[in-house]
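Good morning, and thank you for coming.

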Amino acid sequence: MSLLPTLPKRFVSASRLSSSPFLHETHNPRRTAKAFCSLMSTHSSHPLTHSLTLPCQLAHPVQLVAAPGVSESEFRSAIDSSLFKQWLKNLESETGILATGSFLLTQVLVQGVDMFGQRIGFLKFKAEILDKETGKKVPGIVFARGPAVAVLILLDSGDETYTVLTEQVRVPTGKLVLELPAGMLDDDKGDFVGTAVREVEEETGIHLNVDDMVELTAFLDPSTGCRVYPSPGGCDEEISVFLYRGTVEKGIISQLQGKETGLREHGELIKVRVVPYSKLWRMTADAKVLMAVALYEMANREGLLPSKT
């Protein structure tokens, strides 16, 4: 998906809101995401399997196996997906589990594939990794969903600074959750800032300038990968957190409050909520919010942030 066009850097007054490029409904279709070699068994009486040799353990090929209920097409899509390839790349990276030679990947059981249109959205698999010293298995259940972005929007209005949040139906929690505007990357091209701007527009109707975005996670030590892992015990998701700060008139704050947004054709039922930044850290348990607040406050304290936009 292409980036949004170059945009002006300030919001407009409430009297011009109806024609403003910053606040409008969007209905653009969303989301679009990547091959090994070797033999795959396709006999119906046996599980689908695939043998894979990793450069870091040439003497120990990895067996990829499809669990009952996973079709051949799903299995092929899973092991050829950018989600799975990135996971393998992480294993063999400088700080990866297999880098030291102390661990061995022996098998991956593909348990579930959820498609988002023509691409894989979520991938569930179980990896069998052995500690060579003890011979014991390391816990290896993986819910793969790939990289994502979140945006902390701070709007100065009068003598108050406000934060723009979204209220969404989150079925896994069974609750409505107040969150930062956020979303998954559509593919493996790594357009984090473009995705961040697009997600803000889709979820809030606010049209931001790419050049005004500040990546808060870029201030982390390079050894971290400059992204945050909200649940590394079970999920591969890594989030880049961005900041946008601007100045608006009070009328814009009123127009945003309670605005219904989201891609309805994709089941997104979103309402915009605006809260004072001073109260933000107590308003929600969303990990993205709390991570963003911590990153912003520490970066601000150390003088790493640019002047206000």
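A residue is called buried when its relative accessible area is under 20%, exposed when that area is over 50%, and partly exposed in between, using a 1.4 Å probe and protein chains only. Please note that this is a predicted model, in which local features need pLDDT of at least 70 and side-chain atom pairs count only at pLDDT 80 or more, while totals for chains, interfaces and linings use all residues. Residues are numbered from 1 along each chain as its sequence is written, and side-chain values use heavy atoms, with hydrogens and water left out.

Let us begin with strand 13. Helices (H or I, at least four residues) and strands (E, at least two) are DSSP runs, numbered from the N terminus. Strand 13 covers residues 238–247, and nine of its 10 residues are buried. Which strands pair with strand 13? Two strands pair if DSSP finds at least two bridges between them. Strand 8, residues 147–157, pairs with strand 13 in the parallel sense over 10 bridges; there, isoleucine 153 stands opposite tyrosine 244. Strand 12, residues 214–215, runs antiparallel to strand 13 and is joined to it by two bridges, with valine 214 as the bridge partner of leucine 243.

A salt bridge is a side-chain nitrogen of Lys or Arg within 4 Å of a carboxyl oxygen of Asp or Glu. By this rule, the count comes to 10. In one of them, glutamate 238 meets arginine 227, with the closest N and O atoms 2.6 Å apart. This pair links strand 13 to the loop between strand 12 and strand 13, across 11 residues of the chain. Is glutamate 238 buried or exposed? Glutamate 238 counts as buried because its relative accessible area is 11%, whereas arginine 227, at 25%, is partly exposed.

In another, arginine 245 pairs with aspartate 156 at 3.0 Å between the closest N and O atoms. Here the partners lie in strand 13 and strand 8, 89 residues apart. Arginine 245 is buried, with a relative accessible area of 15%, and aspartate 156 is buried at 10%.

We turn now to helix 2, residues 82–92. Its buried residues are Ser82, Leu83, Phe84, Trp87, Leu88 and Leu91. As a general point, an α-helix has 3.6 residues a turn, so residues three or four places apart point the same way. Contact means heavy atoms within 4.5 Å. What covers the buried residues of helix 2 includes strand 3 (62–66), helix 1 (72–79) and strand 4 (103–116).

This brings us to the nonpolar cores. A nonpolar core is a set of buried Ala, Val, Leu, Ile, Met, Phe, Trp, Tyr and Cys residues joined through side-chain atoms within 4.5 Å. The largest has 28 residues, of which Phe84, Trp87, Leu105, Val108 and Leu123 touch the most other members. Strand 3, helix 1, helix 2, strand 4, strand 5 and strand 7 each give two or more residues to this core. Apart from it lies another core, of 25 residues, among them Leu180, Leu216, Val275 and Tyr277.

Finally, consider the loop between strand 12 and strand 13, where cysteine 226 lies. Phi of cysteine 226 is near 55°, a positive value in a residue other than glycine. Most residues other than glycine have a negative phi.
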